[in-house]
Structures are given as structure tokens and as C-alpha cells.
Amino acid sequence: MKELLELRVNYKYAHLLFKEDEGVNLGNPVRGYTIKVVKIDTSSSLFAEVEKVSKSVYEKYGECFFYGWEYQRKYSSKELHDAPLFKMTVRKYFEPSGEECGTEYDDNCACKLCGSGRKQISPLRIHKGRFLNKRDVATTLADEIVVSKRFVEVIRENDIKGISFSPVFFGKQESEDCFQLMVEGNRLKVDERTKFGGEPFEVVQDEENTQYISPCPNGDHLGLNLLSEVYVKYSPIINQYDFFISQQTFGVKNDGGPNRPLLRPHHILFCSPKLYRTIQENHLRGFNFEVAHIVD
Ligand SMILES: [Zn+2]
């Protein structure tokens, strides 16, 4: 596995580590660039340099060396062939969430601290939109996942176990083209080897979301962002089903408001090699996959 960290570096300080023609400069070439996008191999010495510079820029100027970041993990065909389990991520996010469109939830069973564990008690209601344009899956920022009709058909034709779907409503109208992929069913426990936190180097604290950076004292929420590959505890159900969700969640609970999106903690999705291959062979679009590790 080759792990790259894509960084959106603050152009003002990019010269401290990168040459002018390195990466991709974004912004206006006349008025000045604002961002430099670079990809860094996390096993390289440059990676440690980024941490150092990031710290010194923050200490000296109180500014961020980089704004956005994303891990990208690339696997060999052998690693993909041998993987016992995969983590699935939905690439496309859309708003507004179901809750903002009238989907009902029971929050009585939810954790008072992190918001994990609430129950959806009505069909998913969302606004009609182009979120499934040329793809088979998309999700709201509140962990409500919508899939195409074709996705449901392929899953049924291939006898995939442990996955369920429900109708989606646009207002009062039941959709014929999309369905909710229910984030429920068999759960796998995320092992503590999996790294969560605020950002890759923990230099700049996300002040707005401080309470979500550390795990919830109730044990149902692991942190703000996922920072590594995922490790799950072995369970015999891994050999019986094809789709799983993590027992614990991660991310932010935020009730939204003017210019602020409604956010809810997310579960991690996992699939068996069979479901991974079914999605690939049928060219179902919209998921990213990573190898997930099973530990005792
Ligand atoms: Zn909690």
C-alpha cells in the first residue's frame, strides 16, 4: 500500500517547503495564487518536514500551513485480491439532509454527548436533485445514503447478504429511481489500532469541533476524523455476511442553521470481497474502497 497525503497548502508559506512549479497552484496568477495542492508520500522524509513547518508557521504567525487534507491509499492488485474485508466510502455528498426535509428521527436513544445511536422512524424524505447523476450512490452530511435502482437490482441478483434498502420520498412522491441504503445491520467493532483525531499532525486544533476530536466517554464515538486505515476486531459474522457498519461512529453532531450544514456522526461501511467484486464487475459508481484489517 502506498499512502499519499494530499494537502491544500497556504500559498503564502508554500515556499518554505515547495518549489514554485511543484504541485498545482490555485487562484489568480495575476492577483496571486492562494493554494498549492501537493501530494506527499507519508513514508518519505518530506512528510516529517511538513509536520515541522506546519508547527513553526502556526507558532510564529498563528496561521495554518495547509487548509485541507485527504489521505489517498493505493493498493497493488495482489493486496486487493488478498484483502479479507474492505472499507467503503461514499464519494458524493449532498444537501440538505433528510432531517431538514421532514425525515423523522427518535433522539431518545441517542448519546447525549455525541449524538450517536439515534433511530430513523420515518421513510427518508429528501429534495429531488441530481445527486445520483452518473453515479450509483450519494450521501447526505447526516449519514443518509441513497443508491440507484440499478444498485439495488445488482445486489439482489447476486445474493448479497446483510444489506437492506428502504423507499425514498421526494415530498409525498415515492421515488422509483432511488432507494435508501440503510445504515443498520451487522456491526463490526473498530479496533484501537485505528487512528482518529483532528488533523494529520494535530498542530492546529479545530476549535469549533474540539469536543469531537477525542473519543466520546460513552465509547460510541471515536473522534473527529479518520487518520489511518481501519482495523476491526474479528467476529464470526465476517464470514456470514457481505455488508457491515462500524459499531462506533466518528465526526460531528451539529444541528445546522443559517449557512451551516446539519451534520451527524457517520458509521464506517465495510464489505466482503464478494460485494467488492460485485460492485467492480457491474461498474457501480460512487464508492472508494480501502483494505480493512481484521485483528484478534
Ligand atoms: Zn457518545
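The legends below describe views of a predicted model.

**View 1. Overall fold of the predicted protein.** The protein contains 6 helices and 20 strands. Its radius of gyration is 20 Å, close to the 19 Å that the globule rule gives for 296 residues, so the protein is as compact as a globular protein of that length. Along the principal axes, the C-alpha atoms fill a box of roughly 55 × 50 × 40 Å.

**View 2. The open sheet E2-E3-E1-E4.** This sheet is formed by 4 strands, and their pairing is antiparallel. Strand E2 (24-28) and strand E4 (66-74) are the edge strands, each of which pairs on one side only. On average, neighbouring strands of the sheet are turned by 15° against each other, direction ignored. Strands of a sheet pair through backbone hydrogen bonds, in either a parallel or an antiparallel arrangement.

**View 3. Pairing of strands E1 and E3.** Strand E1 covers residues 2-10 and strand E3 covers residues 32-41. The two strands pair in the antiparallel sense over 7 bridges. In this pair, Leu7 stands opposite Val38 in E3. In the order of the sheet, E3 lies between E2 and E1, while E1 lies between E3 and E4.

Methods
Residues are numbered from 1 along each chain as its sequence is written. This is a predicted model: local features need pLDDT of at least 70, side-chain atom pairs count only at pLDDT 80 or more; totals for chains, interfaces and linings use all residues. The radius of gyration is taken over C-alpha atoms; the globule rule is 2.2 Å times the number of residues to the power 0.38. Two strands pair if DSSP finds at least two bridges between them. Axes are lines fitted to C-alpha atoms, for helices over the stretch in contact, and angles run from 0 to 180 degrees between N-to-C directions.
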